[in-house]
Amino acid sequence: MTKEPLTIALPKGRLFEQVQDFFSQKGLNFQFEKRKLVSFDDEGLLKIYLVKNSDLPAYVNSGIAGLGICGDDVVYESGLDFYKIRTFNFGGTRLSMAALENRDEKSDQKELTIATSYTAMTRDYFHSKGIPVNIIRLNGSVELAPSLGLAPYIVDLVETGSTLKANGLEVIQDLMTIKVRMISNRAYFKLNYDRIQNLLERIGENKS
Ligand code: PRP
C-alpha cells in the first residue's frame, strides 16, 4: 500500500539551505526545479512546499502543510498555536535591540521609539518590563531607520552581527534567543502520529 507523503512547509531564504543540508545528512534528499515551489524527497516520504517565512504559519494552521520548519519569531508573530515537535541545532539567532554606535546617549528618550518587523515580541518584551514603547512597523531594511532618523532604536534578528556593523549600529541589549523548530498542526499531528514519529526518529536532534 502506498502512503500519502507527509506535507511540510519550508521557508525560502537563508534557512532553506540549512534545512536542505540537514535533511540530506539524514538521507532525505530533495531539490526544487527552477521557480517551482512544490517538490518531493527522493523516497516520496515528504511533499514539500516552499513558502515565504512569514506565510508559513498560515499554511500549517490551515493543515495544507501538516508540518513546517521555522524560527520561534515566525510562530510568535503569527499569534497561532502549534505543537513544537523538534528543536534544531542550526539556524539559531538572537532578537536584539540596536542603535547607532555614534549616537548621543544624552538624547535617549524616556519612551523608546523602536522600528522593527517583530512588533509582537518587541511590544510584549518591553511591556513585561513595564517600559512604554512606541513601535514603528517595517517589513525590511530595518537597519536604515536610525541613520535616516525614523527611529533611534531597532529590534531585529542578529546572527553574525555583520548587518548591524555595516550600518553603523551596535547591540544595546538582547531580548531573547530564537531557535529553529519543526512545528505541527495539532489535528494533523494526532492523525499522522506514527508516520510523524518515524520521521522524528530518523532526523534526530532535540525533543521539544
Ligand atoms: C536577518 C535580519 C538581519 C540579518 C542579520 O535578515 O533581519 O537583517 O538577518 O544577520 P547578520 O547578523 O548575520 O548580519 P535576513 O537576511 O534573514 O532577511 P530579511 O531582511 O528578509 O529579514
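In this predicted model, the residues around the ligand are Arg 14, Glu 143, Asp 156, Leu 157, Val 158, Glu 159, Thr 160, Gly 161, Ser 162 and Thr 163. When these residues are sorted by class, the shell around the ligand is found to contain two nonpolar, four polar and four charged residues. The strand β9 supplies the largest share of this shell, namely three residues.

For Ser 162 the side chain is involved, with one of its N or O atoms 3.3 Å from an oxygen atom of the ligand, and in Thr 163 a side-chain N or O atom is placed 2.4 Å from an oxygen atom of the ligand. Taken alone, the ligand exposes 500 Å², and 63% of that area is buried by the protein.

With regard to its location, the ligand sits in the largest pocket. Two or more residues of the shell around the ligand are given by each of the elements β9, which spans residues 153-158, and α6, which spans residues 162-166.

The largest pocket itself has a volume of about 1,100 Å³ and is lined by 36 residues, among which Asn 53, Asp 73, Tyr 118, Asp 156 and Leu 157 lie nearest its centre. The elements that contribute two or more residues to this lining are α1 (14-25), α3 (72-78), β9 and α6. The largest share of the pocket lining, four residues, comes from α3, whereas in the shell around the ligand the largest share comes from β9. Divided by class, the lining of the largest pocket comprises 11 nonpolar, 16 polar and nine charged residues.

Key
Residues numbered from 1 in each chain as written. Predicted model: local features only at pLDDT ≥ 70, side-chain atom pairs only at ≥ 80, totals over all residues. Heavy atoms only, no water. Near = heavy atom within 4 Å. Polar contact = N/O pair within 3.5 Å; in protein donor to acceptor, adjacent residues only side chain to side chain. Areas by Shrake-Rupley, 256 points an atom, 1.4 Å probe, with all protein chains shown as cover. 1 Å grid on protein atoms, 1.4 Å probe; cavity = no way out; pocket = protein on both sides within 12 Å on 5 of 7 lines; lining within 4 Å. Sits in = over half its atoms within 2 Å of the grid points. Nonpolar A, V, L, I, M, F, W, Y, C, P; charged D, E, K, R; others polar. Points joined across faces, edges and corners; volume = space filled by probe spheres on them.
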